[in-house]
Amino acid sequence: MLGVGFVFFFFSRFFGGLQTTLRPFSFSFGLAPLECPPPAAKPAFAIEDVKSPFTLRSNVSSTKKKEKNKPSYTFPVPQPKLESQWREMEWTEEQKASLMKTISSYRPSCHEGTQARVLLLGPVGSGKSSFISSVQSVFNGRVTNRAMVGTSSTSFTKKLQSFNIHGQKGEDPTGLVLCDIVGLGGGEMTGLTLHDILSVIKGHAPEGHKFSPDQPVRSETVGYIKKPGLKDKIHCVAFVVDASKILTYPKDLSTTFRLLRKHISDLDIHQVALLTQIDQMCPETAKDVTQVYKSRIIQDMMNKAGDLLGMSTSYIVPVKNYSSELDLNVNNDVLLLRAVDHILQYTDLHFQDNAPQHTGPKIDLGI
């Protein structure tokens, strides 16, 4: 028994001392303990995630992939409505008919350009194509999707497409052409470049041109317009932003917008903006679109859109595109038509600014 007790005592002392010597993730070997270094801290972002604003490829698509299982936005806390509309609007059939007549009869004030070309520019999924289809639906008298509309996180539109807005049946086409283009931030291989956007505005890009950052628009491009006339150029740019995503757009998107606006302004092109998906932001407006200019939520979103774009809210108009509806709504039609009328006002300013100067025949004063 004494021998067994001695063996037990020896091993308990040996292993007990060994436990006090060995430490987790360290080695002794009779020297000062050598601690293993902690794992390196993971950077807040990867270098490849940083995009230069000059490529106009913001991280819109990557944000969508990370949050595709999350709702884009939820209704804010309801706020009391304003007592009166902060923009005057008439929600009647007569107003709709008046606006349709104004738009249908519109012709550019400059005789050289027979149609006003408006470029819609915005992030992927902002509602550019839906706006074109919605406007054409109003004139068709039924909901149609003339411009192909997608729901994916990448841009459904891949090329430059021009849509003549046709008047009601039996009428001539209007003097308005809405131009659709690939969305901003559509991924590394589909994102627009500043060079290509300016090429479209200047009138060099041919109809149907497919955009790729690896193949910019240049003189060798098939169909390239070397000496574009006024009819080939863009006469107004309408930025399109989604109200339900304004708070989740990447920060560098604002830099992209401001960079674009600077270069577009240098070309003397007027710019406006459309705020889409307003029904997803305000429950009252979702039920009744006539409440849009009484909604404090929409008013706040308009201000946030102005901050995002670096633009006064006087240039911004809210719209509700047709998406799941099968029938037209007169109030929604009025809101869409007012947006088109707003665009045409600034488009016509461009024609007035670029009207040819007629000095008239010289008069011989006999001096």
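Which residue forms a salt bridge with K245? The partner is D242, and the closest N and O atoms of the two are 3.8 Å apart; a salt bridge here is a side-chain nitrogen of Lys or Arg within 4 Å of a carboxyl oxygen of Asp or Glu. The model is a predicted one, in which local features need pLDDT of at least 70 and side-chain atom pairs count only at pLDDT 80 or more, while totals for chains, interfaces and linings use all residues. Residues are numbered from 1 along each chain as its sequence is written, and side-chain values use heavy atoms, with hydrogens and water left out.

Both partners of this bridge are buried, a word that stands for under 20% relative accessible area, against over 50% for exposed and partly exposed in between (1.4 Å probe, protein chains only). D242 has a relative accessible area of 2%, and K245 has one of 16%.

The structure holds 6 salt bridges, and another of them joins the side chains of D333 and K96 at 2.7 Å, N to O. This pair links distant parts of the chain, since D333 belongs to helix α9 and K96 to helix α3, 237 residues apart; helices (H or I, at least four residues) and strands (E, at least two) are DSSP runs, numbered from the N terminus. D333 is buried with a relative accessible area of 0%, and K96 is buried as well, at 14%. Side chains of opposite charge can pair when their charged atoms come close.

D266 counts as exposed, at 53% relative accessibility. Helix α6 covers residues 252–266 and reaches 22 Å from its first C-alpha to its last, close to the 21 Å expected for its 15 residues, where the expected span is 1.5 Å times one less than the number of residues. Among the buried residues of α6 are L253, F257, L260 and I264, and what covers the buried residues of this helix includes β3, α5, β6, β7 and α8. Just after α6, D268 takes a positive phi of about 60°.

Leaving aside residues up to four places away in sequence, D232 touches R117, G203 and I225, contact meaning heavy atoms within 4.5 Å.

Rings of Phe, Tyr and Trp (its six-membered ring) pair if their centres lie within 6.5 Å, and planes under 30 degrees apart count as stacked, over 60 as edge-to-face and the rest as tilted. By this rule the count comes to 3 aromatic pairs. One of them, W86 with Y293, is edge-to-face, at 5.1 Å centre to centre and 85° between the planes. W86 is partly exposed at 25% relative accessibility, whereas Y293 is buried at 4%.
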